[in-house]
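Biologist: Can you walk me through this model? I have the sequence open and some questions.

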Amino acid sequence: MPCSVREALNRPRAERRPWRRVLAAWLLLAAAMARAEAIEVNSAELVQAGNGYVLNADFAITLNTVVMTALSKGVPVHFVVDVEVSRPRKYWFSKRIASGEHSVRLSYVPLTRQYEVSDDQGTHVADSLEAALRWAGQVRGWRVLDGHALERGVVYRAAVRMRLDPARLPPPFQVSSLTTRDWAIESDWYQWRFMP
């Protein structure tokens with residue numbers, strides 16, 4: 001039965017706009033799903049080692065069901081850690097001092113029912129996906145730059161991120177990565193300042 005304008009205005013606001021609750025619930029759900037398949041930077045630091053600097057970083061990796069299904073069928077997944085070191089300048093763009101990429105390969109071996117995590121420092125074997133993701137998210141002792149590239153007493157900016165690299169997937173999955181966001185898993189840039 002239709003109501004008059006006066007009756008509609010006398011209703012509580014929540015009753016007048018029920019679509020707002022539905023929209024708010026949908027936005028919260030979308031935000032939770034977006035965060036459920038991401039990479040978070042837990043910590044990162046540049047440490048002096050000999051005559052250079054190495055990166056130590058920890059990432060928390062969470063995969064979605066599409067990537068986990070492909071991984072369980074033997075499709076290897078590659079992660080790339082990007083790092084940049086720059087010197088901020090007052091009246092111009094920052095001067096890039098060093099940049100680089102560190103690749104980590106995660107694969108599942110159905111015969112042994114184990115996961116393998118490989119990088120330039122070796123291969124680690126894990127019995128569970130959670131343990132393999134912990135290994136994949138640890139970067140230790142990656143030499144980023146030489147000490148002679150930095151000046152003492154100058155403040156530098158370092159930035160690091162980790163991302164899944166769809167370019168290293170088998171060709172059918174590369175096509176899939178162009179049409180869906182399931183393979184777009186990456187962290188935000190984590191930045192900090194340091195002085196040698």
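This is a predicted model: local features need pLDDT of at least 70, side-chain atom pairs count only at pLDDT 80 or more; totals for chains, interfaces and linings use all residues.

Biologist: What percentage of the residues count as buried?
Modeller: 35% of the 196 residues do. Buried means under 20% relative accessible area, exposed over 50%, and partly exposed in between (1.4 Å probe, protein chains only).

Biologist: And how much accessible surface does the protein chain have?
Modeller: About 12500 Å², with 54% of that belonging to carbon and sulfur atoms. The areas come from the Shrake-Rupley method with a 1.4 Å probe, and for residues only the protein chains shown count as cover.

Biologist: Now the open sheet. What is the strand order?
Modeller: The order is β1-β2-β7, 3 strands with antiparallel pairing. Two strands pair if DSSP finds at least two bridges between them. At the edges are β1 (39-49) and β7 (138-146), each pairing on one side only.

Biologist: Over how many bridges do β1 and β2 pair?
Modeller: Over 10 bridges, with β2 covering residues 52-61. Gln 48 is opposite Tyr 53 of β2.

Biologist: What holds strands of a sheet together in general?
Modeller: Strands of a sheet pair through backbone hydrogen bonds, parallel or antiparallel.

Biologist: Which strands form a hairpin?
Modeller: β5 and β6 do, with 2 residues between them. β5 (residues 114-119) and β6 (residues 122-126) are antiparallel over 5 bridges. Ser 118 has Thr 123 in β6 as its bridge partner.

Biologist: On to the core. Which residues touch the most other members of the largest nonpolar core?
Modeller: Leu 46, Leu 55, Phe 59, Phe 79, Val 85 and Leu 106, out of 47 residues. A nonpolar core is a set of buried Ala, Val, Leu, Ile, Met, Phe, Trp, Tyr and Cys residues joined through side-chain atoms within 4.5 Å.

Biologist: What does Phe 79 touch?
Modeller: Leaving out residues up to four places away in sequence, the list includes Ile 39, Ile 61, Leu 63, His 102, Leu 106 and Met 162. Contact means heavy atoms within 4.5 Å.

Biologist: Is His 102 buried or exposed?
Modeller: His 102 counts as buried, because its relative accessibility is 4%. His 102 is in β4 (residues 95-109). Beyond four places in sequence, its contacts include Phe 79, Asp 119, Asp 120 and Trp 142.

Biologist: Last topic. How many aromatic pairs does the structure hold?
Modeller: It holds 5 aromatic pairs. Rings of Phe, Tyr and Trp (its six-membered ring) pair if their centres lie within 6.5 Å; planes under 30 degrees apart count as stacked, over 60 as edge-to-face and the rest as tilted. Trp 92 and Phe 93 have ring centres 5.6 Å apart and planes at 65 degrees, so that pair is edge-to-face. Both Trp 92 and Phe 93 are exposed.

Biologist: Why is the pair of Tyr 108 and Tyr 115 tilted?
Modeller: Because their planes are at 50 degrees, with the ring centres 4.8 Å apart. Tyr 108 counts as buried at 17% relative accessibility, and Tyr 115 counts as buried at 12%.

Methods:
Residues are numbered from 1 along each chain as its sequence is written. Side-chain values use heavy atoms; hydrogens and water are left out. Helices (H or I, at least four residues) and strands (E, at least two) are DSSP runs, numbered from the N terminus.
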